[in-house]
Amino acid sequence: MRDAGRFIVLEGGEGVGKTTQAALLSSWMEALGVPHVLTREPGGTPVGEAIREVVLGRTDLEMPPESELLLILAARAAFVRDVVRPALAAGKVVLADRFALSTLAYQGYARGIDLQDVRDGLRIATGGLSPDLYLVLDLPPEEGTARQQRDGMAPDRIEQEGASFLRRVSEAYIALSESEPGVTVVSARGAPEVVQARLREALVRRFPETFGA
Ligand code: Z5A
């Protein structure tokens, strides 16, 4: 077994392929013998999954942006305390589908909550913990929406916001990839295996001692 203890997060707008790529990365880590935990946000804990049901599942609710932010931060606090910190302390890789960059993109840039307020809330929820690496999957929002529509799934409460909201989210990720530390942008274009090869290359380059040959 390799010593891991890394916090790696997949990020990006709707339908860019985070869930698909996270599963493929998890299989790769399994084959490499890298101990890891695959998880997602909001969710990953009983508290987080219950909050996810309200934030995403309750399409009938009209929710002030600040309520949405505080619910997501409440889920994050449990996620950091009960999932991320114990796994890192045990020397595992935490591979998460979304984290704080999503909060800055969706609740900050796209919902319009003051970015400093979002950062203050994030600090309370995370206790200052940041990922070692954000891998942002980059795809024009209309291509992500087309991928999701092929799934035929009903949109959740946030997806119901429509095209201009998704455009703001997409632009937010571009801005955040320039302003935030520890962000690598990876093209999400092409077949899943092609995107996966790009992600693995980025991980080997950044953490050769964990993922290198
Ligand atoms: N949210 C927030 O507002 N603030 C926060 O702080 C956090 C989250 C943490 C989580 O939704 C929601 O919570 C999200 C932001 C908000 N907004 N919404 N809604 P989620 O967990 O249900 O879903 P998501 O993270 O938004 O995932 P997604 O966008 O639905 O999809 P994805 O994970 O990026 O992609 P996928 O499921 O892997 O693939 C989508 C489809 O494309 C599927 O049919 C695949 O088979 C297909 N696919 C995947 N890769 C490819 C390639 N390479 N080519 C073609 N087709 C592909």
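Student: Which polar backbone atom is 3.4 Å from a nitrogen atom of the ligand?
Tutor: That backbone atom belongs to Pro-192, and the distance to the ligand nitrogen is 3.4 Å; please keep in mind that the model is a predicted one.

Student: And which polar side-chain atoms lie 2.5 Å or 2.6 Å from an oxygen atom of the ligand?
Tutor: Thr-20 has a polar side-chain atom 2.5 Å from an oxygen atom of the ligand, while for Asp-151 a polar side-chain atom lies 2.6 Å from a ligand oxygen.

Student: How many residues surround the ligand, and which are the closest?
Tutor: The ligand is surrounded by 28 residues, and the closest of these are Gly-15, Thr-19, Thr-20, Thr-103 and Asp-151.

Student: Switching to pockets, how much space lies in the largest one?
Tutor: The largest pocket holds about 1300 Å³ of space. Its lining is made of 46 residues, of which Glu-14, Gly-15, Lys-18, Gln-148 and Glu-159 are the closest to the centre.

Student: Which elements give two or more residues to that lining?
Tutor: They are strand S2 (36-40) together with the helices H1 (18-32), H2 (46-57), H3 (65-89), H4 (100-110), H6 (141-151), H7 (163-179) and H8 (192-206).

Student: How do the residues of the lining of the largest pocket divide?
Tutor: The lining of the largest pocket has 19 nonpolar residues, 14 polar ones and 13 charged ones.

Student: What about the second largest pocket, how much space lies there?
Tutor: About 330 Å³ lies in the second largest pocket, which is lined by 15 residues, with Ala-100, Leu-129, Ser-130, Tyr-134 and Glu-180 closest to its centre. Two or more lining residues come from each of H4 and helix H5 (115-126), and H5, with 4 residues, gives the most.

Student: And the lining of the second largest pocket by class? What does it have?
Tutor: In the second largest pocket the lining comprises 9 nonpolar, 3 polar and 3 charged residues.

Student: Now the sheet: what order do its strands have?
Tutor: The sheet is open, with 5 strands in the order S2-S3-S1-S4-S5 and parallel pairing. S2 and strand S5 (183-187) are at the edges with a single partner strand each, so one side of each has no neighbour in the sheet. On average, and with direction ignored, neighbouring strands are turned by 20° against each other.

Student: How many bridges join S1 to S4?
Tutor: There are 4 bridges between strand S1 (residues 7-11) and strand S4 (residues 133-138), and these two strands run parallel.

Technical notes: Residues numbered from 1 in each chain as written. Predicted model: local features only at pLDDT ≥ 70, side-chain atom pairs only at ≥ 80, totals over all residues. Heavy atoms only, no water. 1 Å grid on protein atoms, 1.4 Å probe; cavity = no way out; pocket = protein on both sides within 12 Å on 5 of 7 lines; lining within 4 Å. Points joined across faces, edges and corners; volume = space filled by probe spheres on them. Nonpolar A, V, L, I, M, F, W, Y, C, P; charged D, E, K, R; others polar. Pairing = 2+ DSSP bridges. Axes fitted to C-alpha atoms, helices over the stretch in contact; angles between N-to-C directions. Near = heavy atom within 4 Å. Polar contact = N/O pair within 3.5 Å; in protein donor to acceptor, adjacent residues only side chain to side chain.
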